[in-house]
Amino acid sequence: MSYSYLFRGRGQQNPRAGKDHTVTRQIAETTWNTESLPPGVPPEGKVVVTISRQFGSGGAEVGHIVARESGLLYIDHEIIGEVARRLGINEEQAARQDEQTVGAAGHILEALQSSSPFNVNYRALLNPAEAQAQAREVAYVRLTQRVILELATEGNAVIIGRGSQFLLHASPRTLHIYIFAPLDYRIEQVMQRYQLDRGKAKELVERRDYEHDAYLGHYYGASQHQLYLYHMLINTSLFTYELAANLILQALSTVKEKGN
């Protein structure tokens with residue numbers, strides 16, 4: 001089953017738009033308040049795997065192997081494309097907001113200054129552009145959540161990141177995995193993959209860690225490092241990607257057998 005099948009017929013692209021551009025449209029806030037969300041529970045006989053990962057730990061690579069060996073649908077950047085299509089923006093614009101808070105520094109400053117609840121409103125009045133940017137950010141995140149819940153409700157998918165471990169935490173027939181590795185190992189992996197020197201690779205890893213933590217902290221009020229969120233934690237500095245995937249596949253067979 002292809003990813004496009006899951007979302008066939010939802011949304012509409014401008015036929016005059018180029019390959020990377022669609023018509024931008026406003027998203028009404030009431031849309032998020034009135035539409036019921038999918039339950040995120042896969043049907044009986046189907047399963048979902050969520051893989052949360054540290055940048056440079058190989059979580060996406062492990063996810064690819066799991067999906068290939070189990071016949072499940074692999075979902076990662078496809079979420080960006082689907083959200084972009086529904087928002088009427090191109091994928092490049094959507095990718096800038098993927099798994100990060102665009103105004104992360106601004107949110108921190110806001111938290112430090114907001115001993116009074118009037119501070120946020122006052123700043124928004126002084127800077128309407130900031131309020132508009134935050135509204136777009138919230139629209140993107142909420143639509144991302146809806147897409148993940150739709151995928152999980154369809155079932156038989158490996159979903160990479162984007163808060164899926166929080167959204168689907170209590171869902172039956174769902175296996176939650178956390179892929180991690182020590183900082184030095186991840187720096188080495190990033191150096192090799194992106195052909196960077198150690199200083200640049202370290203900077204990239206630390207920035208992505210910060211952005212990811214800020215995203216989850218801002219929208220879920222928690223860190224991905226909380227152990228209760230997961231059924232399995234795998235250190236890829238100790239296990240090859242193939243062995244890590246095999247461990248997940250063994251656990252997945254148990255989930256299928258139990259069916260709850």
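Okay, some housekeeping. This is a predicted model, where local features need pLDDT of at least 70, side-chain atom pairs count only at pLDDT 80 or more, and totals for chains, interfaces and linings use all residues. Residues are numbered from 1 along each chain as its sequence is written, and side-chain values use heavy atoms, with hydrogens and water left out.

So, the sheet. We have five strands in an open sheet with parallel pairing, and the order reads β2-β3-β1-β4-β5. At the edges sit β2 (73-75) and β5 (232-235), and each of those pairs on one side only. On average, neighbouring strands are turned by 20° against each other, direction ignored. That angle is between axes, which are lines fitted to C-alpha atoms, for helices over the stretch in contact, on a scale from 0 to 180 degrees between N-to-C directions. A strand here is a DSSP run of E, at least two residues, numbered from the N terminus, and two strands pair if DSSP finds at least two bridges between them.

Now, β1. It covers residues 48-53 and pairs in the parallel sense with β4, residues 174-180, over six bridges. In that pairing T50 has H176 as its bridge partner, and V49 stands opposite L175. Towards β3, residues 157-160, β1 runs parallel with four bridges, and there V48 partners A157.
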